[in-house]
Amino acid sequence: YNLTSDPYQATLLSSSRYSTVTSYLSNRCTYWESQIGTTLTAPATDYTIFEEYGGVVAYDTSDFVPRTVDQIYSYENAPHIVFVLVDDWGYNDVGFRSTYLSWTTPTFDNLASEGVTLENYYTNQLCSPSRASFLTGRFSLRTGILENTGELGYNETTLAEELKSAGYMTYLIGKWHLGLSTLQHYPTNRGFDYYYGYLSGEINYWSKASQFEDYMDLTENLDLVTNETETSDKYHTAYLFADKAQTIIKKHATDYSDKPMFLYYALQLIHSYWSAPSTYQDRCEYPTTSNNDTNFDLWNYCALNVMLDEVISNLTCVLKETGLADNTILIISGDNGGTSDINGNSYPFRGHKDTFFRGGVSNTAIINSPLLPNDARGLKYYGQVHITDWLPTLMGLATDGAWTGSLNGAELDGVDVWDAIVTNSDSPKHEIVFTNDGTACAMQYDNVTYLNGVPSTAIYSPEFSFTSDQDSDLSSMIAHILV
């Protein structure tokens with residue numbers, strides 16, 4: 001597919017004049033097949049252990065070896081880095097480009113207008129592959145995490161470890177989803193000084209029960225959280241994680257003022273199953289359609305977007321309150337395409353979460369920082385950027401360009417895109433490999449997408465997520481924020 005002339009991936013490059021590029025990309029797929037990493041599969045879930053402890057815990061602690069990193073870089077003006085990852089955020093869900101939720105995100109709109117919006121930004125197709133690529137700077141085929149299964153190999157070095165080598169204090173609040181079978185896989189043994197969140201892929205917003213059904217999935221550092229207030233089903237996780245993030249920022253400003261901060265804020269919002277507090281539901285108009293299930297989901301999805309915006313507003317406020325904002329780079333990114341037509345809408349692109357069409361891998365990314373040059377404020381950057389690029393980009397900023405490469409010597413797929421972004425020049429990122437498992441290949445080279453062995457049935461997200469016989473009621477069906 002030619003993304004320049006056909007951004008919606010409707011027309012195959014079938015004519016003979018494209019034979020050279022398709023042949024080249026086919027050969028590149030063959031090369032990348034030889035680079036496939038090893039997926040580490042977690043042991044089968046042992047529910048007797050869960051029942052004994054009352055929650056999600058490591059299956060095996062026998063090979064636990066604490067992992068440490070020595071500081072080797074020192075940069076007096078190293079910026080604080082706050083990276084927010086929004087879960088299952090559709091391309092059409094952020095206010096400034098949304099066709100149906102344009103009123104819900106004034107904070108995002110403001111951050112974009114004063115910062116840089118990446119208009120040609122890609123992630124992977126699913127949660128775990130994107131998180132692994134973000135933390136390692138490597139394509140998912142190298143990490144071995146091609147699906148939402150497996151665990152990040154202990155041979156991989158994470159961004160948190162790399163930043164510790166530059167003197168950073170490192171924190172993770174929210175979703176991990178990269179392994180829990182041994183304590184070695186826990187975030188605090190992968191470079192993070194502090195962790196509070198859930199280890200699996202999803203939990204209930206209220207009960208904190210994991211995808212393993214009835215067991216609590218809430219961990220602080222290496223321990224299961226048992227505090228009755230925090231585990232109460234009356235306390236929404238968005239409040240819980242926001243409180244922890246704000247506490248961490250304030251504590252860092254007070255206790256570690258001589259050190260730069262890295263906060264990886266991996267939000268649960270706006271992942272299914274959608275459920276928001278009534279105070280946010282009340283700010284959204286309930287759609288009047290005949291499908292009550294659709295109504296309820298869209299109503300809650302609108303409410304969670306309002307909540308998401310407030311979470312980011314509170315985050316920026318505490319950064320300003322503590323004085324850290326003056327030297328902070330704030331990056332907000334989605335992790336994959338939207339999940340469906342209504343809740344996580346990828347309009348105008350083809351596909352959705354768990355597909356390799358643009359709707360599954362195109363996402364929103366915003367950079368906001370007082371460190372941006374004036375010429376870059378309000379910029380829409382159209383150069384190609386992938387989630388693997390954050391590691392080398394942030395390490396370059398953290399060390400003032402002194403970083404010499406991964407601590408473990410691993411070959412990276414990400415490139416430093418900072419200078420290209422802030423000068424609005426051509427991106428050094430040319431090739432993106434979304435998957436290559438030996439049977440299917442999905443990759444992109446500049447403006448061409450190559451899909452081989454990938455199902456071609458991916459639908460287009462409609463501009464509005466309702467059937468045609470309901471079009472006359474659109475004014476009442478769109479989720480509006482009430483004044």
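In the predicted model, Cys 284 and Cys 302 are both buried. These two cysteines are joined by a disulfide, with an S to S distance of 2.0 Å. The torsion about their S-S bond is about -80 degrees, so this disulfide is left-handed. Cys 284 is located in the loop between α9 (278-281) and α10, while Cys 302 belongs to helix α10; the pair therefore ties together parts that are 18 residues apart in sequence.

The count of disulfides comes to 2. The other bond links Cys 29 and Cys 441, whose sulfur atoms are 1.9 Å apart. Because Cys 29 lies in helix α1 (residues 19-33) and Cys 441 in strand β13 (residues 441-445), this pair ties together parts that are 412 residues apart in sequence. With a torsion of about -75 degrees about the S-S bond, the disulfide of Cys 29 and Cys 441 is left-handed. Cys 29 has a relative accessible area of 8% and is buried; Cys 441, at 5%, also counts as buried. Counted along the chain, the bonded cysteines follow the pattern 1-4, 2-3.

The largest nonpolar core contains 57 residues, of which Val 84, Ile 173, Tyr 265, Leu 308, Leu 315 and Ile 332 touch the most other members. Several elements each supply at least two residues of this core, including β1 (80-86), α3 and β3 (169-175). The largest share, 14 residues, comes from α10. Apart from this core lies another, of 55 residues, among them Leu 178 and Met 395.

In helix α3 (residues 106-114), the buried residues are Thr 107, Phe 108, Leu 111 and Ala 112. These residues cover an arc of only 130 degrees around the axis, which puts them on the same side of α3.

Terms used:
Residues are numbered from 1 along each chain as its sequence is written. This is a predicted model: local features need pLDDT of at least 70, side-chain atom pairs count only at pLDDT 80 or more; totals for chains, interfaces and linings use all residues. Side-chain values use heavy atoms; hydrogens and water are left out. Buried means under 20% relative accessible area, exposed over 50%, partly exposed in between (1.4 Å probe, protein chains only). Helices (H or I, at least four residues) and strands (E, at least two) are DSSP runs, numbered from the N terminus. The arc is that of the directions from the helix axis to the C-beta atoms. A nonpolar core is a set of buried Ala, Val, Leu, Ile, Met, Phe, Trp, Tyr and Cys residues joined through side-chain atoms within 4.5 Å. A disulfide is a pair of cysteine sulfur atoms within 2.5 Å.
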